[in-house]
Amino acid sequence: MEFTHIPHPSPMDASQRAEILADPGFGMSFSDHMSVVEYDEAKGGWHAASIGPREPLMLDPAASVLHYAQEIFEGMKAYKQADGGLALFRPLANARRYNASARRMAMPELPEDLFLESIRQLVAVDRDWMPTVEGGALYLRPFMIATEAFLGVRPAKQYKHIVIASPAGNYFKSGAPAVSIWLSEYTRAAPGGTGAAKTGGNYAASLVPTREAFDRGHDQVLFLDAVEKKWIEELGGMNLFFVFDDGRVITPPLTGTILPGITRDSLITMLREEGLEVSEELYSIDQWRDDANSGHLLETMACGTAAVVTPVGKVTGKDMEFTIGSGGPGQITSKIRERLVGIQNGATQDTHGWVMKLD
């Protein structure tokens, strides 16, 4: 599909952009352009692909996304390579998860090659928005919304796939060597629900407990399962790994209530290559506390596209509080993060074909 290029009448001044790129934060600033592809069932599906100025959307007040929450999204990054080029990390996995989310939300699947091309087109036109800060990347947010105007509970027949970009620095604001976690009494997702889909409603459900965590001085919120309220599932936006003194590593299984993270999947492979025994199994909050207190648990790491690999130092709940290891980064967490970041930026050999170069 050919992308129509719409000229930008007033892109940001280079000096203003340079000021942002020197200290971008996370999700606070946005590049000049966006890519858009339209879907209309009556017109045969996907059509009208374009790259144009990032601007407000024109939506009918009766658009389905506003009333029935038909919406999905992805989170990915473009990384600057050691040779000066740009690359994506496992973008095909993002395309496939995007379509899995679309199926669950009764939305049309987007052809994988069209998903990837919408990313390539945007990065090509906004490559000057790559941050200059160490560890910076161009965060990419593909999303799809239902735009048909109607009031009735059924899947819409019209959609927009849009990609926007945001220069990104450190995800966590605290700057602490390890993050602090608040154990929430709320639940994020239940069996048979939409927990495995990357859809806005799941994150809306996490906003009150996340605010609760922030108000108590913590960096993230932890969710347990909705049935027994004892099994660890995930954080507000990250998967978890537990590293033990006998060489074992546990991560919660994909039971349909947590997001199948692409970073999570990558770490499973990388940890096994380090000689560790990795298993996907249920792990309770009581086990986590007892193993941390006894010293059997050496490290806990959280992972995701935005946060990369981050050590968890402390867990606090209504009736408990415990520290993991020394409360700072552990050896495995530090090593696996360094290796992952090295693959993403081209400094470490990519033996799995995970990196897609854009130049």
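Modeller: A helix axis here is a line fitted to C-alpha atoms over the stretch in contact, and angles run from 0 to 180 degrees between N-to-C directions. The model is a predicted one. With that convention, helix H7 (residues 262-273) packs on helix H9 (residues 331-345) at an angle of about 115°, and the two axes are 11 Å apart. Angles of 65 to 115 degrees count as roughly perpendicular, so H7 is roughly perpendicular to H9. The crossing in which H7 passes H9 is right-handed.

Glu-274 and Lys-335 meet in a salt bridge, with an N to O distance of 2.9 Å. This pair links distant parts of the chain, since Glu-274 is in the loop between H7 and strand S14 (277-280) while Lys-335 is in helix H9, 61 residues apart. Glu-274 counts as partly exposed because its relative accessibility is 30%, and Lys-335 counts as partly exposed at 45%.

Asp-286 and Arg-289 meet at 3.5 Å, N to O. Both residues lie in helix H8 (residues 285-294), 3 residues apart, which is about one turn of the helix. Asp-286 is partly exposed, with a relative accessible area of 39%, and Arg-289 is partly exposed at 25% relative accessibility.

The axes of helix H3 (residues 91-104) and helix H4 (residues 112-125) come within 9 Å and cross at roughly 120°. That angle makes H3 oblique to H4. H3 passes H4 in a right-handed crossing. Here, too, a salt bridge is present: Glu-112 pairs with Arg-96, the closest N and O atoms being 3.4 Å apart. Glu-112 lies in helix H4 and Arg-96 in helix H3, so this pair ties together parts that are 16 residues apart in sequence. Glu-112 is partly exposed at 31% relative accessibility, and Arg-96 is partly exposed at 47%. For the whole structure, the number of salt bridges is 18.

How values were computed:
Residues are numbered from 1 along each chain as its sequence is written. This is a predicted model: local features need pLDDT of at least 70, side-chain atom pairs count only at pLDDT 80 or more; totals for chains, interfaces and linings use all residues. Side-chain values use heavy atoms; hydrogens and water are left out. Helices (H or I, at least four residues) and strands (E, at least two) are DSSP runs, numbered from the N terminus. Angles under 35 degrees count as roughly parallel, over 145 as roughly antiparallel, 65 to 115 as roughly perpendicular and the rest as oblique. A crossing is left-handed if the near helix is turned anticlockwise from the far one by less than a right angle, and right-handed if clockwise. A salt bridge is a side-chain nitrogen of Lys or Arg within 4 Å of a carboxyl oxygen of Asp or Glu. Buried means under 20% relative accessible area, exposed over 50%, partly exposed in between (1.4 Å probe, protein chains only).
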